[in-house]
Structure formats: C-alpha cells, structure tokens
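Hi there,

Here is the structure I promised to pass on.

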Amino acid sequence: MDGPHIDSQYYNFEALNIPAGHPARDMQDTFYFEGGDVLRTQTSTLQIRAMEIYKPPLRIIGPGKVFRAERIDATHECCFHQIEGLVVDKNISVANLIYFTRIMLSGIFKQDTEIRLRPGYFPFVEPGFEVELACSFCKKKGCRICKHTGWIEIMGCGMVHPNVLRNINWIKDYTDIPAVSPKDLSVAVTLKVCEVEEYEETGLYLKDVIAVRVVSYAKHPDADKLRLVKVTDGKQDHSVVCGADNFKEGDIVPLATVGTSLPGGLKIKKSKIRGIESEGMLCAEDELGFSDDHSG
C-alpha cells in the first residue's frame, strides 16, 4: 500500500498524535507548500489511510518515499525510503511485535538475527521501541560500523498509540468500555467513595455531533456566500451546505448530523439550500453551547 507524497497536515501530523508546536513540525524538518500541505515526512501516514479504508483484522506493508528538510551529507538525505508495517486485531501484544520483527529481519538478511529493543519515543506509538540488530561485522565485539557498541540501530516500532486509534470510528467496536449511566455512576460512587447528592446530565445532544474531516469544498453555484462542503467521518461521506469560509481541506470540524437537537431548540433536518441538499450542519462553538464564539 502507498499514499500521496504531498499530503495534508492532518494525515502527516494531527492524526498521528503530533500536535501543533511539536518539534517534528518545524520548518527546518518539513517541506511546506503554500496552503499548508507538506511533503510527507514518514510512511506512517499510511496507518491512518489504511484504517479509514479497512476494518480489522488489518495487516499492511507500505514502502514509499519520504522527505525531510535535511542538509545532505554522508548519513543524511532529503529524500529516502521507509517501509511501514501495521497490524490491527484483537489480542495483539508486544510479544507479537517482537516475534514478527525477528522473523522479518531474519528473512531480509537471510540468516538468524539477534535483536534487542530499547525504549524509544515516537508520538504515534505507546510503548515505543528502537530496534537494534547485533552487528554482523564484528559479532558484537565492537567495530567502526556499530560505533564500538556491538549493536546497530535499524528501525523504530511500537504499539499504535490510543490517540491515533481514537481518530478511527470503528475503534469502539474493539474496546471493552462499559456503558454507565450518570445515575448508576452516582450510585456506585455513593456506595464506594462518598455520597453524591445530585447529578445533572448535560450535553446529551452531543451524541449526534460527530468529528469529521473536510475532504473538499467549492462555491455554491447559486449563492456567493455559501459553500458546498464534502466531509468524511471515516466510514461515509457527508455533503453539507454552509456559510463558513474559515476552514481548509484536512481540517477536523464538528458536524451536527440529521436529527440533532442543538441548544436553543434548533433541530437539524435534511434540507435543500438553494437547490442543493445538505446532510447536517457544521457548527461553531456558540451553536454547540460551548462559548459565545461564532468563528468556528
């Protein structure tokens, strides 16, 4: 599997748990285009694309070019190749990761390989590891190739970070999170911790408000101040007519789906706006009851 070399910041950063301000997003490390798109810095972008398309059990291999704003020297290049591997299924553990890594490297080098894992930090995995291969040149005695350590760092790996999985809608089908009502929770806390005098259920309407990613947008053919916006929730696309213009492709925005009752009594219905059908409403903070901000 492979994906586009020019990608959105959503796939290259946000969806991989790399928030704004993270060092990996620095201009010195990443090639940016006007408009915000980037040359992908890692094949990990394929993780999100694969999980948006396929449900578990999921196994992919994704070789491809990646790009970094590096100064070229004997050990650095601005364009090089990575190979991404991803497995998503029930009962997958670090033991599976270690076993597969050893088998894979033995197959690549056509001989039994000895590896070791050291703790390593990568934003999109937890726990993360750096895999080191026993130096075949000196048999772990230490040489110039392995910098006299007996080991050669060869790859990074880890278990997919929960924040990455949360971007994928089907994750709730594979987690064992019991549904507890506020009333039942208050009773449990009263019995085991302290008395709960009262509880209040708020934001019930939010269950019908979903996070979606902007796929594309265009001007309404019959209204200068309206836009036709295509968004996706990872499972299906939605077409929305809206008046906002402060978003771009790849942005994550809240969509009040058909049937949602928003604060103030507004009921979202499927309707035609200037002849174009709209399947919901893209909401600003004030429309969700979060604040008085209407900027979106």
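**Salt bridges and cores**

Asp237 is partly exposed, with 42% relative accessible area; here buried stands for under 20%, exposed for over 50% and partly exposed for what lies in between, with a 1.4 Å probe and protein chains only. Its salt-bridge partner is Lys230, at 3.4 Å from N to O, and Lys230 is partly exposed at 34%.

Before going on, a word on the basis: this is a predicted model, in which local features need pLDDT of at least 70 and side-chain atom pairs count only at pLDDT 80 or more, while totals for chains, interfaces and linings use all residues. Residues are numbered from 1 along each chain as its sequence is written, and side-chain values use heavy atoms, with hydrogens and water left out.

I counted a salt bridge wherever a side-chain nitrogen of Lys or Arg lies within 4 Å of a carboxyl oxygen of Asp or Glu. That rule gives nine salt bridges. One of them joins Arg213 to Glu52 at 3.5 Å, N to O. This pair links distant parts of the chain, with Arg213 in strand β8 (residues 209–220) and Glu52 in helix α2 (residues 45–53), 161 residues apart. (Helices, H or I of at least four residues, and strands, E of at least two, are DSSP runs numbered from the N terminus.) Arg213 is buried at 12%, whereas Glu52 is partly exposed at 21%.

Lys140 and Glu114 also form a salt bridge, at 3.0 Å from N to O. Lys140 sits in the loop between β6 (125–134) and β7 (151–160) and Glu114 in the loop between α3 (94–109) and β5 (115–119), so their bridge ties together parts 26 residues apart in sequence. Salt bridges also link Arg116, Arg118 and Glu132 in a network.

Now to the inside. By nonpolar core I mean a set of buried Ala, Val, Leu, Ile, Met, Phe, Trp, Tyr and Cys residues joined through side-chain atoms within 4.5 Å. The largest has 23 residues, and Ile48, Met51, Leu58 and Leu86 have the most contacts inside it. At least two residues each come from α1 (9–12), α2, β3 (58–67), β4 (79–88) and α4 (162–165), and α2 gives the largest share, four residues.

Beyond neighbours within four places in sequence, Leu86 has contacts (heavy atoms within 4.5 Å) with Gln47, Met51, Leu58, Arg59, Ile60 and Val160. A second, separate core has 10 residues, among them Val212, Val240, Phe247 and Val253.

Best wishes
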